[in-house]
Amino acid sequence: KEVFDIILIKQTIHFFNTKDVKKLLNLSKKHLSKKGKIFIFSLMPGKNEIPTFRKMKEKLNKSLEKDRYIIKIIKTNLQKYREGCFRFKAKISKKDYLKMLSNRYISCLLEFTDNEIRIGKEEVKLKYENNIHFYDKLKCIIYRN
């Protein structure tokens, strides 16, 4: 029975299958206040600059392909939406980024073995400077009731 002014779905929509995405969107619209908005954020497919190692990049690209498909479903379901994008200048030390890789900070790393992470970290050590600079780019779909 509750309604919300803002519903935020940030970089998690790819965890859902097609049927559940539709359920989530319909449920969100049902519980949105009259002037409410839904914000759906996803990594920008094809234009992200996230520092990766080879195997991570392959897995990330597969995940982004799924995101493209899900975004089409979202647009069809929501119909009246706006799109935006956010670009954040990111700077992180290689040491901190290596810790993030060990902690599997991004979903494409969740199924990697400890050995795959170790090999990837060695690749990152060679590939990047001590301070890593990149743009984190997010696509945003905004639905207004």
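K139 touches I40, F41, S42, L43, M44, I71, E83, G84 and C85, not counting residues up to four places away in sequence; contact means heavy atoms within 4.5 Å. The model is predicted: local features need pLDDT of at least 70, side-chain atom pairs count only at pLDDT 80 or more, and totals for chains, interfaces and linings use all residues. Residues are numbered from 1 along each chain as its sequence is written, and side-chain values use heavy atoms, with hydrogens and water left out.

**Lysine 139**
- K139 belongs to strand β4 (residues 131–144); strands (E, at least two residues) and helices (H or I, at least four) are DSSP runs, numbered from the N terminus.
- K139 counts as buried because its relative accessibility is 18% (buried is under 20% relative accessible area, exposed over 50%, partly exposed in between, with a 1.4 Å probe and protein chains only).

**Aromatic pairs**
- The structure holds 4 aromatic pairs (ring centres of Phe, Tyr or Trp, the latter by its six-membered ring, within 6.5 Å; planes under 30 degrees apart are stacked, over 60 edge-to-face, the rest tilted).
- The rings of F41 and F86 are tilted, because their centres are 5.5 Å apart and their planes stand at 50 degrees.
- This pair links distant parts of the chain, with F41 in strand β2 (residues 32–43) and F86 in strand β3 (residues 81–93), 45 residues apart.
- F41 is buried at 13% relative accessibility, whereas F86 is partly exposed at 36%.
- F41, F86 and F88 form one aromatic cluster.
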